[in-house]
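This report walks through a protein model step by step. Keep the sequence and the 3D view at hand while reading.

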Amino acid sequence: MEQQPKMVTGWAARDANGLLSPFSYPLRAKGDEDVVVKILFCGICHSDLSTIKNEWGNAKYPVVPGHEIVGVVAEVGSSVARFAAGDTVGVGYIASTCRACANCRDGFENYCAGLVPSFNAALPDGATVHGGFSELAVVNQRYVVRIPGGGGGASPAPLDRLAPLLCAGVTVYCPMRRLGLDRPGVHLGVAGLGGLGHLAVKFGKAFGVKVTVISTSPWKEAEAVERLGADAFLLSTNAEQMKAAAGTMDGIIDTVSAVHDLTPLITLLRTHGQLVPVGSPGKPVQLALYPLQSGPSPVGPRIDWAGGPIRARWAVLMVCDVADGKSVAGSMIGGMRDTQEMVDFAVEHGVAAEVEVIGMEDVNGAMERLQKGDVRYRIIGTPTSLSRGRLGGETLAAHAATPSSPSSTLPPPELAGGKAGGVLGRRRRGPNGSAEPAPARGGRRTPMMARPEVETGVRLGAADPAPLWPDLASPPTDPVGTEEGEAGSQGEAAAGGVRGGAGRTRGLGPMSGGVRLWRCCARSKPVVVTGSSGGWLPLVTSVAFGNTQEAVWQ
Ligand SMILES: NC(=O)C1=CN([C@@H]2O[C@H](COP(=O)(O)OP(=O)(O)OC[C@H]3O[C@@H](n4cnc5c(N)ncnc54)[C@H](OP(=O)(O)O)[C@@H]3O)[C@@H](O)[C@H]2O)C=CC1
Ligand SMILES: O=C/C=C/c1ccc(O)c(O)c1
């Protein structure tokens, strides 16, 4: 006899006004490989906001957002060896990938063309995937990571503070690792001090690099330096400060969520510096090429690049005596191996988010504050706090979280330093990033409800001898992923927005010089653009980010 699906309650947006309200839906039936997670904490990422408001044009209402999940395993499928009921686990942006392509085999599931996100999505069999603003999630074990020590190690980071690692954390950690921005001696810029940005600062300091925050919000200066550990703070609207810092940074993780000019950031880079724009404004960003190709004090004629690729090619020839070779590199979340590595690193080095914990009844106010840029620095929802006792069942009985206390991990702005927003105020942002005058910060804050109680008694830090990625050990034998195969798949991607000059696509390996093309996952972005203004190497001459990416090079 077929079992009736279990009904669960989530919080869903029904249309582009983005307002969330309780929504009951059938939980996906647990398969052999699945882990059922009771969701204790779920971070609110700007991508959740962009999705529920349909800013990316891909909302599939009703949308239950949330993809920074920390919870406890409630049940496991019959083939699951890596997890057991009671384990503390995390789930991020990925719900499913093809598991057969080169990216999946190499641990870069985040760049699998078949990636299915953990919210606002459907699995290949048609099953709807709802996100973490819900009581329970059913997730294939491959896309679940272990939280070591359950957040309760020697100097425990509470689980609510670890939830943002699952998306924000891995999104900034991966490019820092991949591009060598993770070692002493490096000067890292972090543009946009929000959920992603503040974790980039923390990872940067844990790596031992010099970190400079580049922000539009003067009130964040004291907090960035005194509490988050940044070495310096640049107000991006202050031309003098920006000029003084030109040519000093090895890399910049740009987490700004709105459309913005990349040129001032590129100017901050030193020779061979790398800009990593991880924000997703949803609209193409203009990229002036001369600053990418030339040094901070360019010689040669000033060139009008607006003419497009053909004129740009000539222009490049004209400035060949300047060779600063900066790069713009895309990056999207992280693969599962990197996500586990990042969580382990964070727990070991005490990297955890600054959070404000809310009950779900405050979630709409929280979204509004995120829209205005009034969050320090991640809001965490507690989807099961109102439904405790209703879930019941042996495997759901005793779940722990050691939540931070009090409800915000940072002191009120007036205590946080002389330049807090309560004194200076800040620019508010309208829905399109337009500037609005801001009332005093303290007066605008939504009062937080009392921190929800959470049960205790979870199994912490259980050793697990099973390999983390059993299927990587014996990869499937289909030939996808050879250099040829990769080029082929980029050819397919061309239809989705990646085009080479004269209609060709080129897939050069990530470490090849000159031009690098890094194919970026679900939306098949061309994402690494390396400028060069000397020698004979082919040059990237035009790139736009967003939903209509196009790379043209000759
Ligand atoms: N590539 C990927 O894999 C991922 C991308 N994302 C994307 O990253 C972006 C950041 O997410 P998150 O950190 O959660 O967002 P937040 O809203 O927490 O932070 C964004 C920051 O950007 C800055 N900012 C916002 N609006 C403007 C504006 N109009 N002009 C200049 N600066 C602005 C602010 O920093 P300040 O006040 O310091 O200037 C703000 O704090 C989002 O677009 C999100 O969709 C998220 C996850 C993964
Ligand atoms: O919060 C996660 C955002 C992920 C993301 C997905 C797709 C894309 O093109 C992005 O830039 C970010």
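## Overall picture

The model is predicted. The protein contains 17 helices and 26 strands. Its chain has 554 residues, and 57% of them count as buried.

Contacts can also be sorted by how far apart the residues lie in sequence. Among contacts between residues at least 6 apart in sequence, 71% join residues at least 24 apart.

Strand 4 covers residues 69-76. Six of its eight residues are buried, so strand 4 is largely enclosed by the rest of the structure. In a regular strand, side chains alternate between the two faces of the sheet.

Which strands pair with strand 4? One is strand 3, residues 34-43, which pairs with strand 4 in the antiparallel sense over seven bridges. Within this pairing, valine 36 has glutamate 75 of strand 4 as its bridge partner. Another is strand 5, residues 88-91, and this pairing is also antiparallel, with four bridges. Here isoleucine 69 has valine 91 of strand 5 as its bridge partner.

Helix 5 runs over residues 195-207 and has 13 residues. From its first C-alpha to its last it reaches 19 Å, close to the 18 Å expected at 1.5 Å a residue. Just after helix 5, glycine 208 takes a positive phi of about 90 degrees.

Is helix 5 largely enclosed or largely open? Eleven of the 13 residues are buried, so helix 5 is largely enclosed by the rest of the structure. Among the buried residues are Gly195, Leu196, His198, Val201, Lys202 and Phe207. The buried residues of helix 5 pack against several elements: helix 3 (159-162), helix 4 (168-178), strand 12 (187-191), strand 13 (210-215), helix 11 (336-349) and strand 19 (378-381).

## Helix 5 against helix 11

At what angle do helix 5 and helix 11 pack? The angle is about 70 degrees, and the axes of the two helices are 11 Å apart. An angle from 65 to 115 degrees counts as roughly perpendicular, so helix 5 is roughly perpendicular to helix 11.

On the side of helix 5, the contact is made by Phe203, Ala206 and Phe207. On the side of helix 11, Met342, Phe345, Ala346 and His349 take part. Sorted by class, this contact has six nonpolar residues, one polar residue and no charged residues.

Notes: Residues numbered from 1 in each chain as written. Chains lettered and ligands numbered in written order. Predicted model: local features only at pLDDT ≥ 70, side-chain atom pairs only at ≥ 80, totals over all residues. Heavy atoms only, no water. Buried < 20%, exposed > 50% of the residue type's maximum accessible area, 1.4 Å probe, protein only. Pairing = 2+ DSSP bridges. Expected span 1.5 Å × (residues − 1). Contact = heavy atoms within 4.5 Å. Axes fitted to C-alpha atoms, helices over the stretch in contact; angles between N-to-C directions. Parallel < 35°, antiparallel > 145°, perpendicular 65-115°, else oblique. Nonpolar A, V, L, I, M, F, W, Y, C, P; charged D, E, K, R; others polar.
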